Amino acid sequence: MHGPRSVREAEVAGKRVLVRSDLNVPLEDGEVADDTRIRASLPTLRHLLERDAAHVAVCSHLGRPKGPDPAFAIAPVAARLRELVDDERLAVLENTRFDPGETSNDPESAKRLAQGLDLFVNDAFGSAHRAHASTEGVAHLLPAYAGLLLEQELEMLGRLLGEVERPFVLVAGGAKVDDKLGVLVSLGRRADSVLVGGKMAEQLRDENPLPYEAEVPSDVVAAAAFEEDAESRVTPYDDLPEGWLGLDIGPETCERFAALIRAARTVFWNGPMGVFEWSRFAGGTTAVARAVADADGFTVVGGGDSVRAVQELGLADRISWVSTGGGASLELLEGKKLPGVVAIPTS
């Protein structure tokens, strides 16, 4: 499989470069709350500056504004980026979604972005599954290349689609099976075990749309209401008290899932095992995160909550690859072509 041509091949000296990064970071009180994605964008930006690009214009979306909205202005993100890369050749453009033509991939929006620039580098893997003006449209107007992060994401996730070391364990959680059905079917078929937690597991118990039997919880941490301090107790998975909710996998399931993960040689994990934001219902997600870190093989974690878990627990450096793309990683692993990648010529 030939990948898109790399920014390493581009002649950038003296050129004015447009870079689509993924700077869609969480903000709190007008400040960047987590700069992981900003830091992930740095290798490509530094590569261009070190190779004497005349000007580097970085663009990204931030949140989901429907046109200009001061709450989603790029300024705090730009300020953090400038702290990390102090170079007057670097400019950060306003939130791409302030332009209503961005999400409809309007050719005029792409033209405005490309104006006065010599080449385009797409480094936003997290947005590569969207055919937007800043991810796909501009790639047809300027010579286009893949950034270092995009390249690495394709390589690391691509390893899960090739010959993998076994046992291969797929761990999925979250709210809805539908969101992950494609990857559960295509990647799950190739896995030795598929472990499902979260609300998804209840759906599978009621009606399994998968072409195989997944491992589901045997016990859960149940709560009398969907509240952080609700009365709770461990119950068998299929014997919840009337009106109670399963908000995490139980200790028996934690042990079983963790043992399977630790024994694996290849692991892909996407989605929490319960309501991870509330510490009383974070045990399952924590147990899975620790087991993935302990696994002696190739391990990949993708998706917002799973990534947050390994970072908050200080385990990220013990995972082979922590993906910056939630939806993009799922679509790639489902076997779909990503518009932002397809638009870049192959090397």
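Start in the loop between strand E2 (27–28) and strand E3 (31–32), and select Asp-29. Helices here (H or I, at least four residues) and strands (E, at least two) are DSSP runs, numbered from the N terminus. This is a predicted model: local features need pLDDT of at least 70, side-chain atom pairs count only at pLDDT 80 or more, and totals for chains, interfaces and linings use all residues. Residues are numbered from 1 along each chain as its sequence is written, and side-chain values use heavy atoms, with hydrogens and water left out.

**Stop 1**

Most residues other than glycine have a negative phi, and most peptide bonds are trans. Asp-29 is exposed, with a relative accessible area of 81%. Buried means under 20% relative accessible area, exposed over 50%, and partly exposed in between (1.4 Å probe, protein chains only).

Next, select Asp-52. Look in the loop between H1 and strand E4 (55–59). Asp-52 is not a glycine either, and its phi is positive, near 65°.

Now go to Arg-166 and Pro-167. The peptide bond from Arg-166 to Pro-167 is cis, with omega near 5°. Pro-167 belongs to the loop between helix H4 (148–159) and strand E8 (168–172).

**Stop 2: helix H1**

Select His-47 in helix H1 (residues 36–50). Is His-47 buried or exposed? His-47 is buried, at 10% relative accessible area. Leaving aside residues up to four places away in sequence, His-47 touches Val-7, Arg-8 and Leu-148. Contact means heavy atoms within 4.5 Å.

Glu-50 is also in helix H1. Glu-50 is exposed, with a relative accessible area of 59%. Draw a distance from Glu-50 to Asp-229: the C-alpha atoms are separated by 53 Å, and the two residues are 179 residues apart along the chain.

**Stop 3**

Show helix H5 (residues 177–186) and helix H6 (residues 199–206). Two packed helices are described by the angle between their axes and the distance between the axes. The axes of H5 and H6 come within 10 Å and cross at roughly 75°. Axes are lines fitted to C-alpha atoms, for helices over the stretch in contact, and angles run from 0 to 180 degrees between N-to-C directions. H5 and H6 are therefore roughly perpendicular to each other. Angles under 35 degrees count as roughly parallel, over 145 as roughly antiparallel, 65 to 115 as roughly perpendicular and the rest as oblique.

Which residues make the contact? On H5, select Val-177, Asp-178, Lys-180 and Leu-184; on H6, select Met-200, Gln-203 and Leu-204. By class, this contact of H5 with H6 has four nonpolar, one polar and two charged residues. Ala, Val, Leu, Ile, Met, Phe, Trp, Tyr, Cys and Pro count as nonpolar, Asp, Glu, Lys and Arg as charged, and the others, Gly among them, as polar.

Move on to Ala-214, in the loop between H6 and E10. Ala-214 is buried, at 16% relative accessible area. Not counting residues up to four places away in sequence, Ala-214 touches Val-194, Val-196 and Leu-204.

**Stop 4: rings**

Select Phe-226, Trp-278 and Phe-281, which ring pairs link into a cluster. Rings of Phe, Tyr and Trp (its six-membered ring) pair if their centres lie within 6.5 Å; planes under 30 degrees apart count as stacked, over 60 as edge-to-face and the rest as tilted. The count by this rule is two aromatic pairs. Phe-226 and Trp-278 form a tilted pair, 4.8 Å centre to centre with 45° between the planes. Phe-226 lies in the loop between strand E10 (219–223) and strand E11 (232–236), and Trp-278 in the loop between strand E13 (266–270) and helix H8 (283–294), so the pair ties together parts that are 52 residues apart in sequence. Phe-226 is exposed at 52%, whereas Trp-278 is buried at 17%.

Two charges over rings come next. Arg-5 lies over the face of Tyr-145, 4.3 Å from the ring centre. The charged end of Arg-159 sits over the ring of Phe-298, 3.8 Å from its centre. The rule for a charge over a ring: NZ of Lys or CZ of Arg within 6 Å of the ring centre and within 35 degrees of the ring normal.

**Last stop: Ile-319**

Select Ile-319 in the loop between helix H9 (304–312) and strand E15 (321–322). Ile-319 is buried, at 7% relative accessibility. Its contacts, not counting residues up to four places away in sequence, are Val-292, Ala-293, Thr-299, Val-300, Val-301 and Val-310. Ile-319 and Thr-299 are 20 residues apart in sequence and 5.6 Å apart in space, C-alpha to C-alpha.
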